[in-house]
Amino acid sequence: MNMERRELVASLVAGGCAGMSVDLTLFPLDTIKTRLQSQQGFYKAGGFRGIYAGVPSAAVGSFPNAAAFFVTYECTKSLLSTGGALAAPHMAPVTHMLAASLGEIVACLIRVPTEVVKQRAQASPSCSTYHILLSTLREEGVRGLYRGYGSTVLREIPFSLVQFPLWEYLKTLWSWRQGHTLYSWQAAVCGAFAGAVAAFVTTPLDVAKTRIMLAKAGSTTASGNIPLVLYDVWKSRGLKGLFAGSIPRMTFISVGGFIFLGAYDKVRHILL
């Protein structure tokens, strides 16, 4: 194993800390996004009331989710670049894409249950997070907590495929232009920009995921057929519906990307 233990621990702790700082700081934006995307519409889902509804779920899932992603990402990257066809420099974007996609698939095992509970709490702020967790388990069992796993992975992978290569590319370009490696804040600016682009492009998939997670058990939406859900949104709300919540989503992800990648870099440097 050529990736030393210290590096692994550094990635884990840095990823976890960075994830938590983002999720908790920007939580209100996420709540607004969920309510804009929900079937019942923004005001019926709670409007600007109880903007921190569902925060316990986010707090619990945040650290392990981000840590799982980064450990998988770094390990895959170091495994793929050790030898063989993917070691060549021009293959770097492919390595990053594969590593990021695998990272997402693993992280989603933790993210999806917390996301299901969180979004349901956001769309019905009168119920507590604990109450929602119990009623989900009672009505649908553990499978209910994984409702929307497919659509979450399908949202995350195209997102990573856009964000990570774009991030790495912008960093390379900028460091080449200034003749030395980037400072933490510059890497974070690149991350914010890459994140915003990726966030906008993948908003329709995010809308589908929200609808699937919030749908009543046993309804057609709950079965998780993404094209069907998107067609339904398109029919009832048009293009505006497909891009519902894109502004808070882009803001969350670009500001989030800035905090996340900045914090990740900083904590990692402290630890190593």
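**Figure 1. The largest cavity of the predicted model.** In this predicted model, the largest cavity holds about 860 Å³ of space, and a search of the whole structure finds one cavity of 30 Å³ or more. Its lining is made up of 34 residues, and those lying nearest the centre of the cavity are Asp-23, Asn-65, Arg-111, Glu-156 and Phe-252. Two or more lining residues come from each of the helices α1 (5-25), α2 (27-37), α3 (55-80), α4 (92-123), α6 (149-178) and α10 (246-271), with α10 giving the most, at eight residues. Sorted by class, the lining of the largest cavity comprises 15 nonpolar, nine polar and 10 charged residues.

Figure 2. Thr-203 is found in helix α8, which spans residues 203-214. With a relative accessible area of 0%, Thr-203 is buried, because a residue counts as buried when that value is under 20%. When residues up to four places away in sequence are not counted, Thr-203 touches Gln-37, Leu-242, Phe-243, Ala-244, Ser-246 and Arg-249. Gly-19, by contrast, is 184 residues from Thr-203 along the chain, and the C-alpha atoms of these two residues are separated by 20 Å.

**Figure 3. Arg-268 and its two salt-bridge partners, Glu-7 and Glu-74.** Arg-268 forms a salt bridge with Glu-7, in which the closest N and O atoms are 3.7 Å apart. Since Glu-7 lies in helix α1 and Arg-268 in helix α10, this pair ties together parts that are 261 residues apart in sequence. The side chain of Arg-268 also meets that of Glu-74 in a salt bridge, with an N to O distance of 3.5 Å. Here Arg-268 of helix α10 is paired with Glu-74 of helix α3, so that parts 194 residues apart in sequence are tied together. As to accessibility, Glu-7 is partly exposed, with a relative accessible area of 29%, whereas Arg-268 counts as buried at 15% relative accessibility and Glu-74 counts as buried at 13%.

Figure 4. Glu-168 and Lys-171 both lie in helix α6, where they are three residues apart, or about one turn of the helix. Their side chains meet in a salt bridge with an N to O distance of 3.7 Å, and both Glu-168 and Lys-171 are buried. Elsewhere, salt bridges that share partners join Asp-30, Lys-33, Glu-104, Arg-111, Glu-115, Lys-118, Arg-155, Glu-156, Asp-206, Lys-209 and Arg-249 into one network. A search of the whole structure finds 15 salt bridges.

Figure 5. The protein chain has 10 helices and zero strands, and its pattern, read along the sequence, is α-α-α-α-α-α-α-α-α-α. The radius of gyration of the protein chain is 19 Å, close to the 19 Å that the globule rule gives for 272 residues, so the chain is as compact as a globular protein of that length. Taken along the principal axes, the C-alpha atoms fill a box of roughly 55 × 35 × 35 Å. Of the 272 residues of the protein chain, 50% count as buried, and among its contacts with a separation of 6 or more, 77% are accounted for by residues 24 or more positions apart.

Terms used: Residues numbered from 1 in each chain as written. Predicted model: local features only at pLDDT ≥ 70, side-chain atom pairs only at ≥ 80, totals over all residues. Heavy atoms only, no water. 1 Å grid on protein atoms, 1.4 Å probe; cavity = no way out; pocket = protein on both sides within 12 Å on 5 of 7 lines; lining within 4 Å. Points joined across faces, edges and corners; volume = space filled by probe spheres on them. Helix = DSSP H or I, 4+ residues; strand = E, 2+ residues; numbered from the N terminus. Nonpolar A, V, L, I, M, F, W, Y, C, P; charged D, E, K, R; others polar. Buried < 20%, exposed > 50% of the residue type's maximum accessible area, 1.4 Å probe, protein only. Contact = heavy atoms within 4.5 Å. Salt bridge = Lys/Arg side-chain N within 4 Å of Asp/Glu carboxyl O. Rg over C-alpha atoms; globule rule 2.2 N^0.38 Å.
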